[in-house]
Amino acid sequence: MNPAPLMWDFEHEPHKSELAARYSVEWVMPSECAARLALPMDDPSAADIGLVPVTALATTPDLLIVPGCAIAAKRRVRSILLVRKASQPLAEIRTVAADTSSNASLAYTQVLFKLWGNAEAVFLPHHPDLDPMLEVADAAILIGDPALYALEERQNRLERSGEELVYHDLAEEWIRQTGVPWVSAVWAVRQASLEASGRTLESLAEDFAVSRDRGLANIEALVEEWSARMPIPANTIRTYLTNNIFYFLDEECLEGLRRFYELAEEFGVLPRYRLKARS
């Protein structure tokens, strides 16, 4: 659901057909977006543009940020959670079962554990299902829709299991620790693809920014669409799309990215990366 407003024009007429003449759209998980942009350009599965976890910029050469749009948060986000047993403090967690659908969320969590003074935690890839995750690890990372489901089921799970859990909103924890926004994903394009297309970065940015703006102007239509797809109350979806996710890559978010890359390099989570001036 995260990118729903960003994709409005790509999924709704009258602009869907117009954009289909310029873009072929495929829906995959964020980590797969990054993987497709890292493939050789002559690979049939390679992509030119993707809504990628911000870690991809540090690990994939020659990617350019398409300015303007982001999946970010300036307050509690609700869709990126660290869930732990209440009996086990953060400093004592040794294993974390991690949904790996977004490499960025995993990297942010690794940085946060360092900031919390816990350098020993080991992250174990796991399917995003809270109960099995907590059977094999001290804590669990849930991302996107599974995190939203977990929050909706929080009281039911407590009544069913009797086990008290603590749900950390990781965007909120990041903002508390650093004072800057959490930025999870951005549109990125291969420099070679941009050059081969004959288009400018600014023209790409305009397509995506206009789609975002129309999506945000049609939130009620999106709430209706997504309420039919997910067992989550309409008001929760409305609040999520309007208050929790921030869809603009503004200067505050760019500063958040810079801080993330600095800390990720300092703690050995990512290689050195500096935002290019044109971002």
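By a simple distance rule, the count in this model comes to 21 salt bridges, where a salt bridge is a side-chain nitrogen of Lys or Arg within 4 Å of a carboxyl oxygen of Asp or Glu. The model is predicted, so local features need pLDDT of at least 70 and side-chain atom pairs count only at pLDDT 80 or more, while totals for chains, interfaces and linings use all residues. Residues are numbered from 1 along each chain as its sequence is written, and side-chain values use heavy atoms, with hydrogens and water left out.

**Salt bridges**

| Pair | N to O distance |
|---|---|
| Asp 207 and Arg 22 | 3.0 Å |
| Arg 36 and Glu 26 | 3.1 Å |
| Arg 229 and Glu 225 | 3.9 Å |

Asp 207 is buried at 13% relative accessibility, whereas Arg 22 is partly exposed at 38%. These words have cut-offs: buried means under 20% relative accessible area, exposed over 50%, and partly exposed in between, using a 1.4 Å probe and protein chains only.

Arg 36 sits in helix 3, and its partner Glu 26 in the loop between helix 2 and helix 3, so this pair joins parts that are ten residues apart in sequence. Arg 36 is buried at 14%, but Glu 26 is exposed at 54%. In the last pair of the table, Arg 229 is partly exposed at 48%, and Glu 225 is partly exposed at 24%. Salt bridges with shared partners also connect Glu 18, Arg 22, Arg 199 and Asp 207 into one network.

**Cysteines**

How many disulfides does the rule give? The count is zero, a disulfide being a pair of cysteine sulfur atoms within 2.5 Å. For Cys 33, the nearest cysteine sulfur belongs to Cys 69 and is 14 Å away. The sulfur of Cys 253 is 11 Å from its closest cysteine sulfur, also in Cys 69, which is too far for a bond. Cys 33 is buried, with a relative accessible area of 14%, and Cys 253 is buried at 0%.

**Backbone details**

The peptide bond from Glu 13 to Pro 14 is cis, with omega near 15°. Pro 14 is placed in the loop between helix 1 (8-11) and helix 2 (16-20).

Asp 62 lies in the loop between helix 4 (55-59) and strand 2 and is exposed at 53%. Arg 78 belongs to the loop between strand 2 and strand 3 (80-85) and is buried at 10%.

Strand 2 (residues 63-73) contains Ile 65, a buried residue at 3% relative accessibility. The C-alpha atoms of Ile 65 and Ala 188 are separated by 4.5 Å, although these residues are 123 apart along the chain.

**Confidence**

The predictor's confidence in each residue is its pLDDT, from 0 to 100. The chain has a mean of 94, and 99% of its residues reach 70 or more. Confidence is lowest in helix 8, at a mean of 89, and highest in strand 9 (residues 246-248), at 98.

Technical notes. Helix = DSSP H or I, 4+ residues; strand = E, 2+ residues; numbered from the N terminus.
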